[in-house]
Amino acid sequence: MLSKKTKQVLLGPLSKNNPVIVQILGICSALAVTAKLEPAFVMAISVTAVLAFANVIISLLRNTIPNSIRIIVQLVVVAALVIIVDQVLKAYAYDVSKQLSVFVGLIITNCILMGRLEAFALGNGPWESFLDGVGNGIGYGIILVIVAFFRELLGSGTLFGYQVIPQAFYDWGYENNGLMILPPMALITVACIIWVHRSRNKDLQEK
Amino acid sequence: MNKQSNGYTIIYASVMVVVVAAVLAFASLSLKPQQTKNVEIDKMKQILSSVNISSDATNAQDLYKKYIVDSYIIDKQGDKIEGNAFDVDVAAQVKLDPDKRELPVFVCRLDDGAEKYIFPMYGAGLWGPIWGYVSVDTDGDTIYGAFFAHQGETPGLGAEIEKPMFSDQYQGKHFFVDGDFKSVAVEKKGQKPVNGAEYVDAISGGTITSKGVQSMMQNSIAPYQNFLKSLKK
């Protein structure tokens with residue numbers, strides 16, 4: 001079903017071309033929503049949905065958009081999609097939307113979106129653009145979930161809100177690491193992932 | 001047609017704006033009823049939490065109907081005034097002068113027949129608004145339960161006010177000390193309020209949010225003094 005090129009478009013962003021840990025885009029939201037797994041997960045899905053559809057719409061319009069206002073057109077499309085996602089979450093996933101609060105709105109400013117629209121959707125057909133959006137959204141989501149996993153486990157002793165570190169540990173004097181919940185630890189966790197990733201992919205290392 | 005001409009650009013932008021506006025207006029209108037319902041259910045959940053009844057999105061409405069037997073609005077003198085207590089915008093009311101506020105009261109009757117009075121609170125934390133509900137016994141003094149929520153306090157620090165570990169501390173505290181309204185203070189472990197008020201332990205690392213809870217309760221409950229005193233008799 002997928003040719004070699006489209007496969008590359010879809011799977012590339014998962015590792016060698018990852019938007020977060022290779023291109024270092026979208027770090028801002030990666031720090032903000034990763035204190036717990038659940039918001040990180042919903043954020044990943046929201047970004048993937050917005051990115052895939054924005055990519056398709058811009059790709060369909062790419063031959064009609066006047067060059068002088070193309071950034072504005074991209075922003076309008078993204079902003080409209082984000083508002084729709086926000087409204088849908090408020091209507092059908094109220095608790096999650098309360099948790100994400102302002103961060104859904106901030107998807108608009110997520111650098112990955114503008115980057116993909118400008119670099120890919122403007123020059124490729126809708127199907128490739130869709131796959132590119134899904135690929136990059138998932139690439140972003142994976143990192144978010146990994147970071148959130150460590151931050152929630154070490155910071156709160158829970159996963160998806162369920163207690164996983166047994167009470168006995170606390171009785172022996174184990175303490176949750178409050179630092180993991182603060183934004184700086186997200187940055188350090190992302191840096192550790194980049195470190196591991198680069199040491200496994202030698203071709204990514206700068207000489 | 002020249003796609004780079006000014007005319008084309010202006011027409012393109014205008015059409016785009018109209019289309020997007022129409023789509024958003026449609027989305028907003030069609031989802032509005034569901035969203036309003038969610039907000040109401042959430043409010044019912046919060047009110048029920050303050051009398052230590054836990055509910056979820058599916059049973060909140062039924063439980064609310066079952067336990068909240070009456071609700072009305074009072075003024076500072078404790079006299080009932082017109083209006084629907086559930087629809088009062090507490091956020092707007094706390095900004096007004098205490099004499100002019102509409103003060104909602106929710107009356108809850110528990111399974112054992114005991115009545116509790118529930119009052120809403122609204123104030124400011126570190127990053128944004130905090131709010132909550134507190135319930136008192138029929139003596140108008142002893143706190144039966146409390147519930148706090150916040151919009152964007154720091155997870156693990158200020159955000160801990162919404163955990164039972166913090167709010168359960170309020171159970172059994174008293175608003176009045178020797179007949180004077182003192183509210184309930186929030187103090188760092190080991191410290192005591194200077195005015196002799198009863199107090200709960202603050203959250204370490206969440207000092208500003210903790211102090212926000214203290215002033216929220218003081219500011220929101222103080223206008224109910226006359227009502228509370230009238231209950232006491």
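**View 1. A bridge between I73(B) and P104(B) joins two strands of a predicted model**. In this predicted model, I73(B) has P104(B) of β3(B) as its bridge partner. The strands involved here are β1 (residues 68-74) and β3 (residues 103-109) of chain B, which pair in the antiparallel sense over six bridges.

**View 2. Six strands of chain B make an open sheet**. Follow the sheet across and you meet the strands in the order β2-β1-β3-β4-β5-β6, with antiparallel pairing. Take a look at the edges, where β2 (80-81) and β6 (143-150) of chain B each have a single partner strand, so one side of each is left without a neighbour in the sheet. Helix α1 (residues 6-49) of chain B packs on this sheet and touches β1, β3, β4 (115-124), β5 (129-136) and β6 of chain B. The direction of α1 makes about 50 degrees with that of β5(B). Another helix, α6 (residues 225-232) of chain B, lies across β1, β3, β4 and β5 of chain B and runs at about 160 degrees to β4(B).

**View 3. The largest nonpolar core has 49 residues**. M43(A), V50(A), V73(A), L100(A) and I107(A) have the most contacts inside this core. The largest share, nine residues, comes from α3(A). For a closer look, pick L100(A): leaving aside neighbours within four places in sequence, L100(A) is in contact with V33(A), P39(A), V42(A), M43(A) and L89(A). Apart from this core lies another, of 33 residues, with Y72(B), A146(B), M217(B) and L228(B) among them.

**View 4. D86(A) and K90(A) meet in a salt bridge within one helix**. Their side chains come to 3.7 Å, N to O. Both residues lie in helix α4 of chain A, four residues apart, which is about one turn of the helix. K90(A) is partly exposed, with 34% relative accessibility.

**View 5. Two salt bridges of chain B link K116(B) with D137(B) and K211(B) with E187(B)**. K116(B) and D137(B) meet at 2.6 Å, N to O. K116(B) sits in strand β4 and D137(B) in the loop between β5 and β6, so the pair ties together parts 21 residues apart in sequence. Both K116(B) and D137(B) are buried. In the other pair, the closest N and O atoms of K211(B) and E187(B) are 3.8 Å apart. K211(B) belongs to helix α5 (residues 207-221) and E187(B) to strand β9 (residues 184-187), 24 residues apart. K211(B) is partly exposed, with a relative accessible area of 37%, whereas E187(B) is buried at 10%.

Note on methods: Residues numbered from 1 in each chain as written. Chains lettered and ligands numbered in written order. Predicted model: local features only at pLDDT ≥ 70, side-chain atom pairs only at ≥ 80, totals over all residues. Heavy atoms only, no water. Pairing = 2+ DSSP bridges. Contact = heavy atoms within 4.5 Å. Axes fitted to C-alpha atoms, helices over the stretch in contact; angles between N-to-C directions. Core = buried A, V, L, I, M, F, W, Y, C linked by side-chain atoms within 4.5 Å. Buried < 20%, exposed > 50% of the residue type's maximum accessible area, 1.4 Å probe, protein only. Salt bridge = Lys/Arg side-chain N within 4 Å of Asp/Glu carboxyl O.
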